[in-house]
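Have a look at the structure first, then read on.

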Amino acid sequence: MSVNIYRVFNTTIYSAIPLPELELTNAKEPAEITFLASNQIFPETSEFQWSQHWRLPDGRILLSCAKLDNLFLLRFPEIADFHINFETKVIQCHSHESVDDNTVRHLLLDQVIPRYLGHTGSIILHAGAVQKQGNCIAFLGGSGFGKSTLASFFHNHGYTLLTDDCIMIDSKKPYACIPSYTGVRMFDDSIYATFGNNFHTSSVASYSYKKRIELDRKTIYSEKNPCLAAIFLLDKSDSQCETIKIQRLNGMQKIIELVKHSFIMDVSNQSTNSILFNKQAAMANSKIPFFKLTYPNAYDLLPQVLGEVESALNT
């Protein structure tokens with residue numbers, strides 16, 4: 001069984017299907033999470049109570065969460081259901097027949113596991129991250145805000161990419177950064193602007209035009225768990241922005257953004273969310289600087305963005 005045990009964040013997972021995005025482990029102990037997959041008949045879910053819906057910008061539902069006692073259901077409409085049992089630590093996916101393994105793996109790694117770990121009280125941020133000399137810079141932002149593009153550009157200009165979308169922050173100082181996995185997911189134009197056309201790509205999911213680039217894990221994991229040096233909130237509120245702007249955020253703004261960009265599963269669970277909020281508040285009150293970064297949507301300005309970010313870190 002050990003050949004099917006992988007590492008994601010600081011957690012081990014046994015998977016019934018290959019997870020090539022993850023690093024295999026030599027774990028002798030049972031995995032902390034078990035993942036099973038099926039495209040057979042979906043289990044009955046009428047007794048589950050729906051508690052939360054996450055929507056796309058056009059109003060369509062991306063993800064819904066329901067619960068029944070200690071059981072949870074994460075539903076991606078017309079794609080897959082993920083049933084989660086926290087007592088047995090089992091995640092079981094029931095996907096539609098037309099859904100391929102790429103899509104199942106994407107949902108598991110980029111949506112389900114981050115929410116699973118967030119539900120256990122871990123700070124899991126929707127952020128890309130790079131590191132240099134043991135110091136991590138995280139780029140916080142929603143989908144389509146440019147996290148992958150920015151992290152990839154930094155990666156190709158003196159930094160090492162940790163993750164392009166999701167990172168765990170150890171709640172104990174000095175706030176070590178633990179990446180999910182090493183892949184980069186971008187559209188063709190961003191791939192060409194940051195990597196050129198010399199990299200092999202693969203499909204991310206059947207419903208997305210994004211492509212996945214696999215990076216050398218030996219390079220990525222050359223320095224384990226760097227310390228968080230700064231967080232940059234990517235701001236896209238000004239679509240007419242013509243200059244690069246960096247503004248330092250205060251304590252209350254830090255907390256708001258940490259809460260907004262953390263992966264959670266059950267918004268109604270006061271006990272779990274209170275524990276998580278206390279960790280977020282402590283992090284916001286630390287000496288780690290938070291900045292709001294606004295810049296034009298232009299690839300040729302990325303070198304200037306890198307320079308401004310480094311200048312902000314040195315002030």
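Predicted model: local features only at pLDDT ≥ 70, side-chain atom pairs only at ≥ 80, totals over all residues.

Now for the overall build. The protein chain has 7 helices and 21 strands. Its radius of gyration is 19 Å, close to the 20 Å that the globule rule gives for 315 residues, so the chain is as compact as a globular protein of that length. Along the principal axes, the C-alpha atoms fill a box of roughly 55 × 45 × 45 Å. Of the 315 residues, 52% count as buried. If you take the contacts between residues at least 6 apart in sequence, 62% of them join residues at least 24 apart.

As for the surface, the chain exposes about 15,200 Å², and carbon and sulfur atoms supply 49% of that. There are 28 positive and 31 negative side chains, and the centres of the two sets lie 7 Å apart.

Back to the salt bridges: the count comes to 10. Here are three of them, with their N to O distances.

| Salt bridge | Distance |
|---|---|
| Asp165 – Arg185 | 3.2 Å |
| Lys211 – Asp188 | 3.4 Å |

Take the Asp165 and Arg185 salt bridge. This pair links distant parts of the chain, 20 residues apart: Asp165 is in the loop between strand S13 (160–163) and strand S14 (167–169), and Arg185 is in strand S16 (residues 184–186). Asp165 is buried, with a relative accessible area of 10%, and Arg185 is buried as well, at 7%. Both also belong to a network of salt bridges that links Asp110, Lys147, Asp164, Asp165 and Arg185.

What about the salt bridge between Lys211 and Asp188, and which elements hold its two ends? The side chains meet at 3.4 Å, N to O. Lys211 lies in strand S18 (residues 211–213) and Asp188 in helix H3 (residues 188–195), so the pair ties together parts 23 residues apart in sequence. Lys211 is partly exposed, with a relative accessible area of 26%, and Asp188 is partly exposed at 48%.

Note on methods: Residues numbered from 1 in each chain as written. Heavy atoms only, no water. Helix = DSSP H or I, 4+ residues; strand = E, 2+ residues; numbered from the N terminus. Rg over C-alpha atoms; globule rule 2.2 N^0.38 Å. Buried < 20%, exposed > 50% of the residue type's maximum accessible area, 1.4 Å probe, protein only. Contact = heavy atoms within 4.5 Å. Areas by Shrake-Rupley, 256 points an atom, 1.4 Å probe, with all protein chains shown as cover. Lys, Arg positive; Asp, Glu negative; His and termini not counted. Charge placed at Lys NZ, Arg CZ, Asp CG, Glu CD. Salt bridge = Lys/Arg side-chain N within 4 Å of Asp/Glu carboxyl O.
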